[in-house]
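Subject: Structure to look over

Hi,

Here is the structure I said I would pass on. Have a look at it first, and my notes follow below.

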Amino acid sequence: MSTSRDKMRKLKELLHKSENRICADCSSPDPKWASANIGVFICLKCSGIHRSLGTHISKVSLAATRKKKLFDLLDESMIVLSVTLDEWTDDEINSMLEVGGNSYANAIYEAFLPGGYHKPHPDSSQEERADFIRSKYELQEFLKPSLRIVSNKSSLQAMDSRKDIGNASNSYSFKSEAGMVEFIGIIKVKVIRGTKLAVRDILSSDPYVVLTLGQQKAKTKVIKSNLNPVWNEVLTLSVPQKYGPLKLQVYDHDVLSRDDIMGEAEVDLQPMITAAMAFGDPGLLSDMQIGRWLMSRDNALARDSAVSVVGGRVKQEVSLRLQNVECGEVDLELEWIALNQ
Ligand SMILES: [Zn+2]
């Protein structure tokens with residue numbers, strides 16, 4: 001048995017402890033998500049809010065304390081992972097095991113919860129949830145005062161956003177520098193492979209993929225000297241209520257100069273999201289096709305792309321012909337997770 005398998009088993013054991021059978025933030029039963037850097041198990045609704053904290057929590061520093069490890073991890077953006085999928089890195093599993101689950105994390109993050117304070121409950125609105133989660137982790141209002149991190153602009157922004165939190169029932173909101181953003185779901189993009197990519201260095205290229213959705217960006221690792229790279233890497237993005245196309249760009253990593261672009265393409269997310277919304281909870285559906293994004297002269301599809309329910313999940317395989325470049329295709333697999341499921 002490999003060590004990472006062993007760790008995954010330990011993680012599952014941790015998940016099965018009674019304290020971790022309810023969401024650390026709202027007490028919903030059977031949480032399926034975890035914030036790997038904070039070390040808590042959380043429900044789907046709360047996981048969306050955790051994810052939205054990511055772009056905000058910047059440059060956190062703290063004098064050495066016993067709990068330093070916990071805060072070191074906040075330096076990175078929030079990592080929210082599904083406990084049912086084996087996509088965890090060793091570091092993420094380690095940090096989860098190190099914190100030790102909900103009771104331990106809450107003993108720190110809720111140490112100074114004021115008497116009479118009402119934590120969110122499973123039926124709380126997204127606004128109540130967002131308010132609490134930001135107070136708890138970002139502003140750290142309930143932390144022992146000596147452990148509190150003096151954060152910079154994020155506290156002010158958060159204070160500001162409370163007044164503005166909207167009234168959408170199935171989305172949550174927060175105010176970023178760019179203004180109000182409301183998310184309706186999460187899209188997981190598995191960047192599978194590139195085929196016949198363009199040559200940018202002398203004989204080959206060192207390609208990587210950048211995905212952009214609204215203000216968010218995510219990128220894959222660089223694969224050295226390969227025109228048919230296999231990434232098999234899952235990138236996760238939150239989908240705002242007013243979403244545009246998912247933009248994909250392939251670059252050639254260049255140590256000496258600016259990275260060269262090796263083509264781009266856009267993915268229309270609408271066929272998948274509208275089909276998923278029309279069909280409702282995919283967990284209740286048997287495997288079937290629910291929608292289709294058709295190849296046309298105006299889009300980058302290499303062939304028609306079906307939206308399907310597979311094992312209770314909404315998925316779509318997409319093959320893209322890269323645009324503004326001499327050649328190259330990229331294969332993706334998308335998965336849609338609605339926040340109101
Ligand atoms: Zn929750």
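This is a predicted model: local features need pLDDT of at least 70, side-chain atom pairs count only at pLDDT 80 or more; totals for chains, interfaces and linings use all residues.

With 18 other C-beta atoms within 10 Å, Ile22 counts as partly exposed. You'll find Ile22 in the loop that runs between helix 1 (3-16) and strand 1 (33-35). Setting aside neighbours within four places in sequence, the contacts of Ile22 are with Ser27, Ser28, Pro29 and Pro31. Asn102 sits 80 residues away from Ile22 along the chain, yet their C-alpha atoms are separated by 8.6 Å.

Now the chain as a whole. The protein chain has 341 residues, and 38% of them count as buried. I get 8 helices and 14 strands in the protein chain. If you take the contacts between residues at least 6 apart in sequence, 60% of them join residues at least 24 apart.

On confidence, the mean pLDDT of the protein chain is 77, with 77% of its residues at 70 or more. Two stretches need a caveat. Residues 55-78 have pLDDT below 50, and beyond near neighbours in sequence this stretch makes 37 contacts in the model. The pLDDT is also below 50 over residues 150-180, a stretch with 55 contacts in the model beyond near neighbours in sequence.

How many of the residues of helix 2 are buried? The count is 10 of 10, so to speak a mostly covered helix. Among the buried residues of helix 2 are Leu44, Gly48, Arg51 and Ser52.

Helix 2 (residues 44-53) packs with helix 6 (residues 126-138) at an angle of about 50°, and their axes are 10 Å apart. The two helices are therefore oblique to each other, and the crossing of helix 2 and helix 6 is right-handed. From helix 2 the contact takes in Lys45, Cys46, Ile49, His50 and Leu53, while helix 6 brings Gln126, Arg129, Ala130, Ile133, Arg134, Tyr137 and Glu138. Sorted by class, the residues in this contact of helix 2 with helix 6 are 6 nonpolar, 2 polar and 4 charged.

Cheers

Note on methods
Residues are numbered from 1 along each chain as its sequence is written. Axes are lines fitted to C-alpha atoms, for helices over the stretch in contact, and angles run from 0 to 180 degrees between N-to-C directions. Helices (H or I, at least four residues) and strands (E, at least two) are DSSP runs, numbered from the N terminus. Angles under 35 degrees count as roughly parallel, over 145 as roughly antiparallel, 65 to 115 as roughly perpendicular and the rest as oblique. A crossing is left-handed if the near helix is turned anticlockwise from the far one by less than a right angle, and right-handed if clockwise. Two residues are in contact if their C-beta atoms, placed from the backbone, lie within 7 Å. Ala, Val, Leu, Ile, Met, Phe, Trp, Tyr, Cys and Pro count as nonpolar, Asp, Glu, Lys and Arg as charged, and the others, Gly among them, as polar. pLDDT is the predictor's confidence in each residue, from 0 to 100. A residue is buried if 20 or more other C-beta atoms lie within 10 Å of its own, exposed if 12 or fewer, and partly exposed in between; C-beta atoms are placed from the backbone.
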